[in-house]
Amino acid sequence: MLTIIAGTNRKNSTTLKIAKFYQQRLAAKNVSSTIMDLAQLPTDFVFSALYENSGKHEVFNQFRKQITDSQQLVFIVPEYNGSYPGVLKSFIDGLQYPDGLKGKEVALVGLSAGVLGGAWALSHLTDILHFLNVDVISVKVRLASIKSHFVDGEITNPLYNELLEMQIEKLMLNNTTIYNIS
Ligand SMILES: Cc1cc2nc3c(=O)[nH]c(=O)nc-3n(C[C@H](O)[C@H](O)[C@H](O)COP(=O)(O)O)c2cc1C
């Protein structure tokens, strides 16, 4: 299973729209995927699903199970205050420790209003994922100045599209769910 994680809990986020766009790009290559929207997390999970409550929160456990069942993950990561959103780190902290992400293949896509495209956000997240023994795909896509390059649900910047294509090609090398439509 491949899960695309929309890495913010902000309502009506561009991150979720990019997640949907990414899912369409995968579908065009016959790769099935599911979107996990962090805005759907239980609102109290930071206090009710972590540490001594690990594994005890029924709704949060459904998120954990989806991660467990996914061999591949795509993180869509908005740049917040020069890094990735705190809710994403809290979500990772709520996964099974220390093996919740071990051995999974992860693709990273950053986006920002400014010119960095989440460069630091992806760098910080890569450090965490490597600490957790995750295989991070080397092609990391940074969608800077997103408002100018994402119009009506489509990426209009040719370089961004090329980089996304390269990343998806890498994901497909190890994907076992590619369906045959012929
Ligand atoms: C709390 C917060 C902090 C942000 N910090 C940055 C930032 O450091 N650099 C930047 O370029 N954009 C920043 N932004 C703008 C987002 O990167 C931008 O809105 C982008 O569309 C992705 O966020 P979204 O998915 O919430 O829409 C910030 C937005 C929020 C809500």
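Me: How many helices and strands does the secondary structure of the protein come to?
Reply: This is a predicted model, in which local features need pLDDT of at least 70, side-chain atom pairs count only at pLDDT 80 or more, and totals for chains, interfaces and linings use all residues. Residues are numbered from 1 along each chain as its sequence is written. Taking helices (H or I, at least four residues) and strands (E, at least two) as DSSP runs numbered from the N terminus, the secondary structure comes to 7 helices and 8 strands.

Me: Which strands pair with S3 in the parallel sense?
Reply: Pairing requires that DSSP finds at least two bridges between two strands. Strand S1 (residues 2–6) is parallel to S3 over 5 bridges, with isoleucine 4 as the bridge partner of valine 74. On S4 (residues 105–111), glycine 110 stands opposite valine 77, and 7 bridges join this parallel strand to S3. The partners are therefore S1 and S4.

Me: Which residues point the other way from Gln72, Val74, Ile76 and Pro78 in S3?
Reply: In a regular strand the side chains alternate between the two faces of the sheet. Gln72, Val74, Ile76 and Pro78 point one way from S3, and the other way, likewise buried, point Leu73, Phe75 and Val77.

Key: Buried ≥ 20, exposed ≤ 12 C-beta atoms within 10 Å, placed from the backbone.
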